[in-house]
Amino acid sequence: PAGVRPNRLLRPLVKRLLGEVEGQPNLLVQIRMPQDFLDAHGYGILEPFLLEGFTAVLEYWERSVDLRLDGLEILHRAHKRVRYQLRRGLREAPAIRFYHREALPDPLLREFFEAAVHTREASGTPLGHDFALYAGDRAALVRNGKAVLGVCEHQGYRGYLLALASRALGYYWDGSWAGEKTDFAMHFLHYRMMLFLKELGVRRYSL
């Protein structure tokens, strides 16, 4: 609200957050802020977190991509290894489809969930959610325009990327894959997601 000092903007959020997690001693809470948000409001906005014992880690604020740049410039600024994968994606042109402000088909939701189960098993940690979360909340976020689901298919590989989307920020939330693993495909899906969010008017993408 107008007239509120930056160091007081997030006090209600911090109190509400700590109230939600009270009594859960083994829970780690991390909050990531995009650099342009800090530039707009100043570092005083961190005060409510610091007063409650949060630790500020500068590197977390920098892991974002400026979507105001054109697509080629975003590609050029990528790490050399990632840039190689993106160029391969441009050459091989895997099939990619984005879902936004539309209902997700039931078979797609089931495939998305099964890929998440597979991905967690491959990393040695079981998935902590059940199918109802995907069919309910996540499908609703996509349907209501608050998230985008990207699906990439290429030679037996199927990858999924879910990003939250607001006017200012796109935020990588979840990714999974099934079939034959392909090194470049998820990198390329991230890149295409950036371009899709850019077309929506989103200004920054947090990795």
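## Getting your bearings

Helices (H or I, at least four residues) and strands (E, at least two) are DSSP runs, numbered from the N terminus. Read from the N terminus on, the order is α-α-α-β-α-α-β-α-α-β-β-β-α-β.

Before you click further, a word on ground rules. This is a predicted model, in which local features need pLDDT of at least 70 and side-chain atom pairs count only at pLDDT 80 or more, while totals for chains, interfaces and linings use all residues. Residues are numbered from 1 along each chain as its sequence is written, and side-chain values use heavy atoms, with hydrogens and water left out.

Zoom out for the overall dimensions: the C-alpha atoms fill a box of roughly 55 × 40 × 30 Å along the principal axes. Of the 207 residues, 38% count as buried; buried means under 20% relative accessible area, exposed over 50%, and partly exposed in between (1.4 Å probe, protein chains only). Contact here means heavy atoms within 4.5 Å. Among contacts between residues at least 6 apart in sequence, 66% join residues at least 24 apart.

## Stop 1: helix 5 against helix 8

Select residues 80–92, which are helix 5, and residues 183–200, which are helix 8. How do the two helices lie relative to each other? They are roughly perpendicular: their axes come within 8 Å and cross at roughly 85°. The axes are lines fitted to C-alpha atoms, for helices over the stretch in contact, with angles running from 0 to 180 degrees between N-to-C directions. Angles under 35 degrees count as roughly parallel, over 145 as roughly antiparallel, 65 to 115 as roughly perpendicular and the rest as oblique.

Now show side chains. Helix 5 brings Arg 81, Val 82, Gln 85, Leu 86, Arg 88, Gly 89, Leu 90 and Glu 92 to the contact, and helix 8 answers with Asp 183, Phe 184, His 187, Phe 188 and Tyr 191. Sorted by class, that makes 6 nonpolar, 3 polar and 4 charged residues. For these classes, Ala, Val, Leu, Ile, Met, Phe, Trp, Tyr, Cys and Pro count as nonpolar, Asp, Glu, Lys and Arg as charged, and the others, Gly among them, as polar.

Click on Gln 85 in helix 5. Gln 85 is buried, at 10% relative accessible area. Leaving out residues up to four places away in sequence, Gln 85 touches Asp 183, Phe 184 and His 187.

Stay on helix 8 for a moment: its buried residues include Phe 184, Met 186, Phe 188, Tyr 191 and Leu 197. Just past the end of helix 8, look for Gly 201, which takes a positive phi of about 95°.

## Stop 2: the aromatic rings

Next, select the aromatics. Rings of Phe, Tyr and Trp (its six-membered ring) pair if their centres lie within 6.5 Å; planes under 30 degrees apart count as stacked, over 60 as edge-to-face and the rest as tilted. By this rule there are 7 aromatic pairs.

Why does the pair of Phe 98 and Phe 196 count as stacked? The ring centres are 4.7 Å apart and the planes sit at 20°, so the pair is stacked. Phe 98 comes from strand 2 (residues 95–99) and Phe 196 from helix 8, 98 residues apart. Phe 98 is buried at 12%, whereas Phe 196 is partly exposed at 23%.

Move to Phe 112 and Tyr 134, an edge-to-face pair with 5.0 Å between centres and 80° between planes. Phe 112 is in helix 6 (residues 106–123) and Tyr 134 in helix 7 (residues 131–143), so the pair ties together parts 22 residues apart in sequence. Both are buried: Phe 112 at 2%, Tyr 134 at 0%.

## Stop 3: charges over rings

Select Arg 110 and Phe 131: the charged end of Arg 110 sits over the ring, 3.7 Å from its centre. The rule asks for NZ of Lys or CZ of Arg within 6 Å of the ring centre and within 35 degrees of the ring normal. Arg 97 likewise lies over the face of Tyr 99, 4.1 Å from the ring centre.

## Last stop: two loops

Finish with Gly 124, in the loop between helix 6 and helix 7, which is exposed at 60%. Then pick Gln 155, in the loop between strand 3 (147–154) and strand 4 (157–165); Gln 155 is exposed at 64%.
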